Amino acid sequence: MSSLWRRDRAARDEEFATFVAAATPRLRRTAYLMCRDWHLAQDLTQLTLAKMYAAWPRIWRTADLPAYSRRVLMNAVFDLRKRRSGTEVVLADLPDRPGQPDGSATDLHITLMQALATLPVRDQAIVVLRHWEDHSVDTVAEILGVSSSVVKMQSMRALGRLRELLGEDFARQ
């Protein structure tokens, strides 16, 4: 019986390693969009993967793993925001990226990230999941544990706030 258990565990671990290799870049990018700090994004990604590994025997064959991982990540971001002081400001330097001859793409990125940072955390999550990762309203609602109408309403308000901050012509640049 123990050799069967070991084979099953080895198969689960191999599946987890495959999942980690495929999901880590997406999770890290989403975490960065939520916190604007690559180091913190890496920590949130590792926390997400650790929690998933703990639940792996239960979820590896039955759960929608990408959706489950997004939910765990968003919960980690929300928990972090609850613990963090309201006066603390996270400032991150953009990583060096050789070969960028035009600074306008970097300027655009910085402007968008600063505007996104002004939104409440749930609104940030909705904008990131809905418009950056291009998930449906229903998928975002499921990830965040809210209704579709909440996603629609908060998305509309968040985009309106971003338009106020950036100006109506910003998207056409």
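Start with a quick one: is Arg 9 buried, partly exposed or exposed? Arg 9 is partly exposed, at a relative accessible area of 35%. The cut-offs: buried is under 20% relative accessible area, exposed is over 50%, and partly exposed is in between, with a 1.4 Å probe and protein chains only.

Ground rules. This is a predicted model, where local features need pLDDT of at least 70, side-chain atom pairs count only at pLDDT 80 or more, and totals for chains, interfaces and linings use all residues. Residues are numbered from 1 along each chain as its sequence is written, and side-chain values use heavy atoms, with hydrogens and water left out.

Overview. We have seven helices and zero strands. Helices are DSSP runs of H or I with at least four residues, strands are runs of E with at least two, and numbering goes from the N terminus. Of the 173 residues, 35% count as buried.

Salt bridges next. The rule is a side-chain nitrogen of Lys or Arg within 4 Å of a carboxyl oxygen of Asp or Glu. That gives two. Asp 13 pairs with Arg 9, with the closest N and O atoms 3.7 Å apart. They sit four residues apart in helix H1, residues 2-35, so about one helical turn separates them. Asp 13 is partly exposed, at 30% relative accessibility.

The other bridge joins Glu 164 and Arg 161, at 3.6 Å from N to O. Both are in H7, three residues apart, about one turn. Glu 164 is exposed at 61%. Arg 161 is partly exposed at 35%.

Stay on H7. After H7 comes Gly 167, with a positive phi near 90°.

Last stop: Asp 123, in helix H5, residues 121-132. Asp 123 is buried, yet has no salt bridge. What does its side chain join in a polar contact? Gln 154, at 3.2 Å. A polar contact is a pair of N or O atoms within 3.5 Å; within protein, one must be able to donate a hydrogen and the other to accept it, and residues adjacent in sequence count only if both atoms are side-chain atoms.

Note on methods: Lys and Arg count as positive and Asp and Glu as negative; His and the chain ends are not counted.
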